[in-house]
Protein chains: 4
Amino acid sequence: MFKAQLALKSNPEAITLVSLTDTVVFGGQDIVMIGGPCAVESLAQMEAVANGLSLAPVQALRGGAFKPRTSPHSFQGLGLEGLKILAEVKRRYGIPVVTEVMSTEQIEAVATYADMLQVGSRNMQNFELLKALGHVNKPILLKRGLAATLEEFIGAAEYILSHGNTQVVLCERGIRSFDNYTRNVLDLGAVVALKQLTCLPVIVDPSHAAGRRELIAPLAKAAIAAGADGLIIECHPQPEKSVSDAAQALSLEEMVSLVHSLQPIAQAIGRSIVPFSRSLIAA
Amino acid sequence: MFKAQLALKSNPEAITLVSLTDTVVFGGQDIVMIGGPCAVESLAQMEAVANGLSLAPVQALRGGAFKPRTSPHSFQGLGLEGLKILAEVKRRYGIPVVTEVMSTEQIEAVATYADMLQVGSRNMQNFELLKALGHVNKPILLKRGLAATLEEFIGAAEYILSHGNTQVVLCERGIRSFDNYTRNVLDLGAVVALKQLTCLPVIVDPSHAAGRRELIAPLAKAAIAAGADGLIIECHPQPEKSVSDAAQALSLEEMVSLVHSLQPIAQAIGRSIVPFSRSLIAA
Amino acid sequence: MFKAQLALKSNPEAITLVSLTDTVVFGGQDIVMIGGPCAVESLAQMEAVANGLSLAPVQALRGGAFKPRTSPHSFQGLGLEGLKILAEVKRRYGIPVVTEVMSTEQIEAVATYADMLQVGSRNMQNFELLKALGHVNKPILLKRGLAATLEEFIGAAEYILSHGNTQVVLCERGIRSFDNYTRNVLDLGAVVALKQLTCLPVIVDPSHAAGRRELIAPLAKAAIAAGADGLIIECHPQPEKSVSDAAQALSLEEMVSLVHSLQPIAQAIGRSIVPFSRSLIAA
Amino acid sequence: MFKAQLALKSNPEAITLVSLTDTVVFGGQDIVMIGGPCAVESLAQMEAVANGLSLAPVQALRGGAFKPRTSPHSFQGLGLEGLKILAEVKRRYGIPVVTEVMSTEQIEAVATYADMLQVGSRNMQNFELLKALGHVNKPILLKRGLAATLEEFIGAAEYILSHGNTQVVLCERGIRSFDNYTRNVLDLGAVVALKQLTCLPVIVDPSHAAGRRELIAPLAKAAIAAGADGLIIECHPQPEKSVSDAAQALSLEEMVSLVHSLQPIAQAIGRSIVPFSRSLIAA
């Protein structure tokens with residue numbers, strides 16, 4: 001059915017492990033938690049995030065330096081300065097960072113400063129970007145397009161894989177639908193299907209799917225129960241002051257509480273969320 | 001936002017308990033499991049189902065006597081004969097039965113034989129049917145329309161409630177979307193939102209959402225983790241011979257295995273699936 | 001592909017002519033225009049409509065007596081009184097009337113007073129209603145469900161046809177989609193496909209599709225150009241005072257102007273909109 | 001409502017004329033017709049197209065040299081060779097050519113050989129590409145994303161405009177929906193709304209919307225009636241041998257016939273399709 005070769009499972013047990021660091025690996029028994037704000041706003045903000053999450057089982061930080069915004073008149077991100085802030089936080093706190101790359105021209109800079117390069121929903125079928133990321137020696141986080149079929153999503157991954165980079169993690173982040181009570185509709189059936197069809201790890205972004213902070217914790221639990229290999233969740237030291245997506249950002253306290261509440265669900269399906277151990281990575 | 005009064009929570013803790021029997025209650029700490037075939041085909045079939053599930057924690061049987069089919073040339077259900085089969089199985093096995101009612105004319109018969117009356121997706125806004133069900137003294141299982149907004153779903157429940165029947169359980173069963181790998185998209189964000197907005201119990205039908213049996217177990221787990229108060233799942237003694245929806249029916253063995261596998265998830269969120277005890281109900 | 005027999009064309013030229021009166025026929029060379037308010041509010045209102053449209057090429061009046069509303073707390077229509085108002089206007093102005101029937105119980109009354117019975121979108125798969133309308137000796141206007149596939153729409157028509165009533169007109173009225181700038185998305189591709197696949201006349205409701213009055217005239221022209229056999233358009237003596245759907249109602253002056261502007265489009269494709277001649281019908 | 005400045009009308013009459021050549025202008029009284037195959041396959045193929053359409057009122061040729069395909073294992077287009085073929089056909093037949101650009105790296109080459117640069121649906125929110133096209137001195141054809149809201153579509157245009165290039169034509173090409181009888185749903189309501197909201201010309205691609213050749217002619221007529229400023233339609237010397245999108249390609253004879261049949265519709269709304277005059281452009 002699907003015109004893909006490398007992304008599809010060659011046998012039911014086939015799975016590609018994608019390593020963010022030596023100890024943070026997607027696709028294994030451990031579930032990976034990524035937290036952080038929609039956009040990098042300042043070093044102080046990112047330090048507050050790293051501090052606030054330092055004792056929680058969160059293995060990576062997120063934060064956008066290049067922001068794809070509907071209008072050119074909206075905040076577009078700090079750009080290179082944002083990347084340097086991420087790298088500085090990574091240096092000080094020993095935690096890997098994930099950030100979005102929007103074009104082939106940005107790849108070199110993003111790959112220099114970040115541990116994992118995210119392709120956003122709007123660029124899921126930016127094929128020239130995907131091909132170029134096939135030549136990068138860092139793991140890629142590929143988000144599903146707003147209305148992408150599974151065939152298109154798998155095809156997009158195949159572009160990266162077939163150009164040489166096998167370290168691809170898929171991310172379901174909600175699809176566009178008719179009701180605007182939620183921002184998007186989280187499609188956990190797609191997560192289950194992708195885990196069955198492809199060899200790639202699959203994580204879930206409940207923040208963009210829900211668009212409302214009060215829905216995120218139950219959806220995060222559901223994602224783990226459905227078999228997701230990780231979660232990427234938006235949180236902010238002061239959610240109400242977030243420059244973008246304020247309604248869906250958790251406070252750091254809510255984030256810590258959420259991540260702890262996921263542990264029993266993980267155990268119920270025979271998996272675990274490993275507490276972040278700074279020394280392991282800093283060593 | 002929503003033009004509803006009775007269906008909406010008056011305070012965050014408000015919840016309506018809906019009793020199927022003295023011991024099978026929706027909306028409490030226990031999660032209710034409903035299983036059975038798409039359509040009632042024969043007494044032998046329904047007995048095989050009741051037997052096969054008799055030792056599993058399944059608290060109610062489903063089975064359609066009146067079937068809403070896209071084409072008038074497809075099997076339309078056994079009608080009154082199907083209702084009598086359901087009642088006979090209930091008598092012999094002491095298990096309550098849920099079945100669909102498609103029109104006001106059918107209400108009297110269905111209410112005579114069944115313990116819970118289901119309104120199908122296609123009739124979610126059949127307002128005359130909803131009003132009439134407001135005068136029935138049996139619990140109602142209201143399925144979400146194929147493309148119903150939360151406002152419309154809550155409004156439909158309000159029709160029943162405002163006509164006098166407060167025993168309504170909502171059921172999310174997948175919404176229509178653009179990808180046909182799955183039959184529909186299970187909208188667990190809606191389940192979370194409905195639990196927060198309304199006082200009504202909310203259950204999930206992963207069978208119709210997925211349309212593929214291999215997706216059902218993980219989605220069932222996700223639904224429990226998201227906070228669903230119950231599940232309704234299609235199973236059949238010989239799935240490949242099912243007269244309708246064969247691709248999504250579990251075998252009875254798969255059903256039993258699935259239900260047992262949900263127990264740890266329920267416990268992880270502080271709930272439980274109570275083993276069906278024939279004597280308790282038969283007593 | 002489609003499990004229908006009577007609704008599908010037996011040969012490419014097959015077409016069912018559906019007669020509203022001796023001179024108002026759907027499916028022929030003439031295009032039929034239906035106008036009127038969302039809801040019948042009073043005799044004065046309906047007389048104002050009939051008067052305002054009396055010199056325009058509008059061949060039938062619409063107006064809801066039974067209104068399917070999302071909330072039970074919204075205006076539900078005048079019911080039987082509304083039907084009598086329609087009949088009185090029909091008597092005085094000699095113009096046929098179309099109105100919605102929401103349940104089998106209402107059929108007798110609606111069929112007594114109205115010339116054509118409309119099945120609304122929410123009831124497109126209310127199969128018991130469809131079957132009952134198969135036994136009625138009046139033409140049926142079947143509106144497409146909010147998210148109905150062509151197969152489901154054709155299947156719904158087949159229910160009416162296969163129960164004996166061959167006088168069915170299909171109506172495309174916009175489908176549910178992701179952008180809420182318009183209320184729905186008018187699917188003219190469906191109109192073209194239905195004309196090719198079925199033998200039934202197909203008309204278009206641009207008012208519900210657009211939900212904004214400023215979009216209606218261009219969409220009405222497009223519908224004629226695509227091959228629609230008629231239009232049903234909402235208009236009101238005082239649109240801003242309409243009890244429902246005010247944003248999409250045209251004033252009577254706008255309605256008259258619109259209908260006249262459609263004539264050149266009709267002629268461009270070899271059809272025509274016949275001026276309403278009171279005497280022809282009153283005779 | 002919309003965070004755009006340059007793309008929105010400053011007054012109801014404001015319109016930006018976009019010139020493809022001295023005589024082929026989008027947004028004026030004349031309607032512009034663009035025809036050609038999905039992909040440039042060979043010089044012989046493109047010459048056959050140019051020849052076959054030479055006496056028809058078609059003002060520009062289309063043909064993809066860089067093809068965005070779901071799978072990397074599908075034909076990706078002839079690339080630079082395809083651009084040179086387009087330029088050669090343009091030289092010989094004096095007809096301007098439109099072709100897709102998929103990345104900033106391709107801009108220079110595409111702008112060298114083509115008269116108008118198309119941004120495909122998948123790249124509608126490839127913001128780095130849009131910004132770069134803001135610095136190009138050629139008109140841009142911006143196709144709507146598969147599930148783009150009007151706000152997002154207008155925002156995408158604003159990216160190009162705000163970076164300096166005001167020569168942007170919008171193209172509605174069908175949106176993703178739930179029924180797969182047609183490939184997409186042509187959203188003519190969006191065409192009407194965009195004409196009212198923005199100062200930019202709006203054209204329609206009925207080929208990608210329908211995905212079935214038998215639907216294209218009526219949809220093309222509807223688009224003209226709705227107010228579209230042009231059409232872009234796929235045609236091929238041997239549709240059944242087309243390397244991509246064969247089911248939606250018209251034969252050259254069908255294309256010529258279609259374009260002629262649009263003239264009466266254009267006249268009915270006070271516009272016209274100007275016959276292509278080779279000498280005017282060759283001069």
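**Close-up views of a predicted model**

**View 1. A:Thr198, a buried residue in a loop of chain A.** In this predicted model, A:Thr198 counts as buried because its relative accessibility is 1%, which falls under the 20% cut-off. The residue sits in the loop of chain A that runs between helix H6 (188–197) and strand E9 (202–204).

**View 2. The surroundings of A:Thr198.** The side chain of A:Thr198 reaches the backbone nitrogen of A:Leu200, at 3.2 Å. When neighbours within four places in sequence are left aside, A:Thr198 is in contact with A:Ala7, A:Leu8 and A:Lys9, and also with A:Ile154 and A:Leu170.

**View 3. The interface of chain A and chain D.** The contact draws 34 residues from chain A and 34 residues from chain D, and between them the two chains bury about 2800 Å², with 50% of this area on carbon and sulfur atoms.

**View 4. Salt bridges and polar contacts across the interface of chain A and chain D.** Two salt bridges are found across this interface, one of which is formed by A:Glu152 with D:Arg176, whose closest N and O atoms lie 2.6 Å apart. Across the interface of chain A and chain D there are also 16 residue pairs in polar contact, counted where both residues have pLDDT 80 or more.

**View 5. The side of chain A that touches chain D.** The elements that give two or more residues to this side are helix H3 (104–113), helix H4 (127–133) and helix H5 (150–162) of chain A, and the largest share, seven residues, comes from H5(A). By residue class, this side of chain A divides into nine nonpolar, 15 polar and 10 charged residues.

Note on methods. Residues numbered from 1 in each chain as written. Chains lettered and ligands numbered in written order. Predicted model: local features only at pLDDT ≥ 70, side-chain atom pairs only at ≥ 80, totals over all residues. Heavy atoms only, no water. Helix = DSSP H or I, 4+ residues; strand = E, 2+ residues; numbered from the N terminus. Buried < 20%, exposed > 50% of the residue type's maximum accessible area, 1.4 Å probe, protein only. Polar contact = N/O pair within 3.5 Å; in protein donor to acceptor, adjacent residues only side chain to side chain. Contact = heavy atoms within 4.5 Å. Buried area = accessible area lost by both parts, 1.4 Å probe. Salt bridge = Lys/Arg side-chain N within 4 Å of Asp/Glu carboxyl O. Nonpolar A, V, L, I, M, F, W, Y, C, P; charged D, E, K, R; others polar.
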